[in-house]
Amino acid sequence: MTASLLFLVGLGLTLVTTFAIVAYLRSSLHSILVELCGTRERAAFWVSFSNVTITLVPLIFAMHYTPDLKGGSAAVLELAGQLKWALVGLLVAVLILGWVLRGFMRREDGPSKTDQAPAAAVV
């Protein structure tokens with residue numbers, strides 16, 4: 001197997017993995033974003049934006065890895081190295097997305113002091 005073919009196989013596996021993750025997260029992400037954004041249209045845009053990000057970041061990481069078959073390493077090990085970087089990119093994208101969404105979510109710690117009714121005066 002040539003290095004070019006191995007590189008393309010790694011990119012293909014990266015895309016399959018990211019599409020599976022996007023499909024897995026899509027409905028939950030859409031529900032959260034509808035609540036945060038207020039309208040389905042806004043949420044649909046941000047879901048699409050998130051899907052593109054979750055797909056492109058691992059692909060960029062995977063494209064950065066260049067297989068080297070001249071060093072005598074096995075093709076499967078070179079492919080594993082490329083997929084490792086793709087998964088690092090996927091993890092980075094998902095963690096950043098989660099961090100950003102967490103910042104916009106309201107905390108449900110219970111009623112604040114301003115939400116409580118004033119205590120009745122005891123005479």
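**Pocket and helix packing**

Reply: By class, 12 nonpolar and 2 polar residues line the largest pocket, with no charged ones. Nonpolar here means Ala, Val, Leu, Ile, Met, Phe, Trp, Tyr, Cys and Pro; charged means Asp, Glu, Lys and Arg; the others, Gly among them, are polar. This is a predicted model, where local features need pLDDT of at least 70 and side-chain atom pairs count only at pLDDT 80 or more, while totals for chains, interfaces and linings use all residues. Residues are numbered from 1 along each chain as its sequence is written, and side-chain values use heavy atoms, leaving out hydrogens and water.

Me: Which residues lie nearest the centre of the largest pocket?
Reply: Trp46, Ser50, Leu97, Val100 and Leu101, out of 14 lining residues. Helices H1 (3-37), H2 (40-64) and H3 (75-104) each give two or more residues to that lining. Helices are DSSP runs (H or I, at least four residues), numbered from the N terminus.

Me: Which helix gives the largest share of the lining?
Reply: H3, with 6 residues.

Me: And what volume does the largest pocket have?
Reply: About 270 Å³. A pocket is an open set of points on a 1 Å grid over the protein atoms alone, where a 1.4 Å probe fits and protein lies on both sides within 12 Å along at least five of seven lines; lining residues have an atom within 4 Å of a point. The volume is the space filled by probe spheres set on the points, which are joined across faces, edges and corners.

Me: OK, switching to packing. At what angle do H2 and H3 pack?
Reply: About 150 degrees, and their axes are 7 Å apart. Axes are lines fitted to C-alpha atoms over the stretch in contact, and angles run from 0 to 180 degrees between N-to-C directions. H2 and H3 are therefore roughly antiparallel, a label for angles over 145 degrees, with roughly parallel being under 35.

Me: Which H2 residues make that contact?
Reply: Ser50, Thr53, Ile54, Val57, Pro58, Phe61 and Ala62. On the H3 side, the residues include Trp85, Leu90 and Leu97. Contact means heavy atoms within 4.5 Å. By class, the contact of H2 with H3 has 12 nonpolar, 4 polar and no charged residues.

Me: What about H1 and H3, how far apart are their axes?
Reply: 9 Å, at an angle of about 15 degrees. That makes H1 roughly parallel to H3. Their contact divides into 20 nonpolar, 5 polar and 1 charged residues.

Me: And at what angle do H1 and H2 pack?
Reply: About 155 degrees, with axes 8 Å apart. That makes H1 roughly antiparallel to H2.

Key:
Angles under 35 degrees count as roughly parallel, over 145 as roughly antiparallel, 65 to 115 as roughly perpendicular and the rest as oblique.
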